[in-house]
Amino acid sequence: QDVLIEVRDLEVCFDIKTKKLFRTEVQQLRAVDGVSFDIRRGETVGLVGESGSGKTTVGRAILRAIDPTDGDVIFHSRKRDVDLAHADAKELRGMRKKMGMVMGEGAHSISDMAHDLLRAFRPRMSLVFQDPYSSLNPRMTVRDIIAEPLIAGGLMRDRDQIDQRVREIAARCKLNLEHLRRFPHAFSGGQRQRICIARALVTKPDFVVCDESVSALDVSIQAEIVNLLKDLQDEMGVAFLFIAHDLSVVAQISHRVAVMYVGKFVEYAPTDSLFFKPRHPYTKALLSAIPQADPDATFNPMRLEGEIPNPLAAPSGCRFHTRCPMAQDICKAKVPEWRELAPEHFVACHFADEAE
Ligand code: SF4
């Protein structure tokens with residue numbers, strides 16, 4: 001099928017400095033460790049895991065908002081393929097500007113970071129942040145916020161053309177002309193997220209990372225935003241990487257779902273396959289934490305004990321062995337292989353066949 005983004009053996013490490021009494025120690029944190037997957041044109045891939053699992057780092061490494069330490073991120077554009085992980089400054093200039101100013105000290109608030117990121121990406125990739133309150137510049141009108149990526153990316157210069165495009169995407173995101181004249185503070189959380197989505201999609205990108213984009217919203221508003229994203233995908237053919245910690249939300253929008261634990265993918269499968277035939281004990285535990293609507297439904301909840309381990313001291317072998325009810329001796333000693341157990345259903349567990 002038509003692959004848009006191909007991620008191979010992606011690794012992202014950070015140096016973490018800890019101050020001891022008379023010295024500073026530097027430890028290497030492996031936030032993403034050997035992740036491989038692909039995203040097809042026009043599909044939504046859900047990425048779930050507890051906080052600290054590395055899912056946001058995967059999204060940002062694909063966009064090169066963070067430099068990967070190793071691995072490849074191939075962006076198959078209609079004209080040619082670009083390896084974003086290894087692209088030099090000249091190649092990246094068309095896709096993004098230097099990110100030091102975005103992620104580093106120059107970015108003093110999330111709205112500045114969002115502003116810089118959206119200026120940087122032209123026009124093929126974009127992102128929607130989690131917090132619709134702090135990711136919009138309070139000093140700009142909604143019209144100017146949505147128009148910003150078009151102007152900063154040099155895609156349009158003519159004011160009438162820009163206004164027309166802004167009105168078009170605003171209408172698709174259910175914002176009217178009156179809304180465009182106002183400032184962000186006049187809007188509720190759900191409306192602000194519609195503004196963020198309009199801003200991300202105004203350049204008609206091929207790929208958008210939605211980083212916990214509905215997590216801060218009420219459940220009813222979450223459903224509205226999820227439906228809006230689905231409608232926009234149908235109309236525009238955009239692919240989403242939908243990052244969330246809530247599997248029930250991910251199920252509503254994703255064609256395929258990846259589950260992440262301490263920097264590694266543990267399962268990746270088509271949504272139905274993952275929900276009805278989960279193979280990894282961690283996925284089963286996440287699924288059994290979803291509240292059941294039917295009071296007569298019988299199911300055996302699988303409770304997860306303890307916290308997600310500190311990635312600076314990741315457990316040996318299978319990283320889930322410290323919390324897994326099925327763990328055996330081999331799990332501590334040997335890293336489980338990433339295997340395809342059913343068509344497109346990948347899992348990393350020594351006993352995945354039995355888990356079914
Ligand atoms: Fe559990 Fe072992 Fe499978 Fe890891 S490899 S998920 S510890 S059974």
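This is a predicted model: local features need pLDDT of at least 70, side-chain atom pairs count only at pLDDT 80 or more; totals for chains, interfaces and linings use all residues.
User: Which residues of α6 are buried, and which are exposed?

Analyst: A residue is buried if 20 or more other C-beta atoms, placed from the backbone, lie within 10 Å of its own, and exposed if 12 or fewer do. In α6, V166, I169 and A170 are buried. Seen down the axis of α6, the buried residues fall within an arc of 105 degrees, so they line one face of the helix; the arc is that of the directions from the helix axis to the C-beta atoms. D160, Q161, Q164, E168 and A171 are exposed on the other side of α6.

User: How is the packing of α5 and α8 described?

Analyst: Two packed helices are described by the angle between their axes and the distance between the axes. Here α5 (residues 142-152) and α8 (residues 189-201) pack at about 30 degrees, with axes 7 Å apart. That makes α5 roughly parallel to α8 (angles under 35 degrees count as such). Axes are lines fitted to C-alpha atoms over the stretch in contact, and angles run from 0 to 180 degrees between N-to-C directions.

User: Which residues of α5 and α8 make the contact?

Analyst: V142, I145, I146, E148 and P149 of α5 meet I195, A198 and R199 of α8, where contact requires C-beta atoms, placed from the backbone, within 7 Å.

Conventions
Residues are numbered from 1 along each chain as its sequence is written. Helices (H or I, at least four residues) and strands (E, at least two) are DSSP runs, numbered from the N terminus. Angles under 35 degrees count as roughly parallel, over 145 as roughly antiparallel, 65 to 115 as roughly perpendicular and the rest as oblique. Two residues are in contact if their C-beta atoms, placed from the backbone, lie within 7 Å.
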